[in-house]
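Here's a quick tour of one model, charges and packing included. Have a look at it first.

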Amino acid sequence: VVVDAGEVPTEPEAVSVFRPPRFGEPLAEGVLDVPSPPTKNRPSPLPWAMLALPMIMGLALFARARTSYALVYMLAWPVLGYLGWRQQQRAAERQFQEELADWREDVDGFLTTLDDAAVAQRRRLHDDYPDPETVRSRAAARDPYLWARSGSRDGFLVTRLGMGTVPAMLRGEIADGGDRRTRREVAREFAERDTLPDMPVL
């Protein structure tokens with residue numbers, strides 16, 4: 001009697017595991033390019049030679065004609081020249097302050113983005129890599145979070161070593177140029193956000 005062997009599966013059947021979804025926006029990562037601050041125009045020096053010329057000519061005219069018009073010419077022209085120079089200085093400073101205010105508003109937007117990204121990174125890492133007591137409580141309660149990450153995913157079976165300072169996933173970098181004093185002040189604000197304290201260290 002000949003019996004034909006049937007088709008017997010040689011590989012174990014695949015087992016499907018329904019993992020709980022991971023909600024939330026993905027963490028932002030990279031470097032934000034921040035434009036340089038506006039350039040402050042260097043003030044032009046007071047044109048002393050141009051102001052002194054009418055005084056000399058008015059003095060010579062007064063010495064020859066002995067008229068009060070010479071005194072008016074000698075004094076009024078330098079005063080008008082100084083007032084015009086001062087007006088130009090104030091207009092340039094006002095324009096710089098307006099451009100600086102607009103730029104600062106853009107910088108505040110970048111800083112808000114970094115702060116929001118830091119909050120999201122802090123919340124996600126504390127949730128993904130909790131303290132040992134939280135891990136034990138999740139295991140005892142069979143929390144669905146235990147099988148939320150498969151073996152092929154990054155961070156599978158990764159636990160934290162402790163708490164410390166870690167680099168921020170999203171940073172800001174200001175471009176070169178512009179008013180150097182303003183750039184240094186804002187660069188310090190961005191440097192303070194390059195690292196996050198009191199975070200899980202893996």
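## Around Asp-179

Skipping neighbours within four places in sequence, Asp-179 is in contact (heavy atoms within 4.5 Å) with Pro-37, Pro-38, Thr-39, Lys-40 and Phe-96. Asp-179 sits in the loop between strand 3 (170-174) and helix 4 (180-192); helices (H or I, at least four residues) and strands (E, at least two) are DSSP runs, numbered from the N terminus.

A salt bridge takes a side-chain nitrogen of Lys or Arg within 4 Å of a carboxyl oxygen of Asp or Glu.

This is a predicted model: local features need pLDDT of at least 70, side-chain atom pairs count only at pLDDT 80 or more, and totals for chains, interfaces and linings use all residues. Residues are numbered from 1 along each chain as its sequence is written, and side-chain values use heavy atoms, leaving out hydrogens and water.

## Salt bridges

The structure holds 8 salt bridges, and Arg-104, Asp-108 and Glu-189 are linked in a network of them. Asp-108 pairs with Arg-104 at 3.1 Å between the closest N and O atoms; being 4 residues apart in helix 2, they are separated by about one helical turn.

Glu-189 meets Arg-104 at 3.0 Å, N to O. Glu-189 lies in helix 4 and Arg-104 in helix 2, so this pair ties together parts 85 residues apart in sequence.
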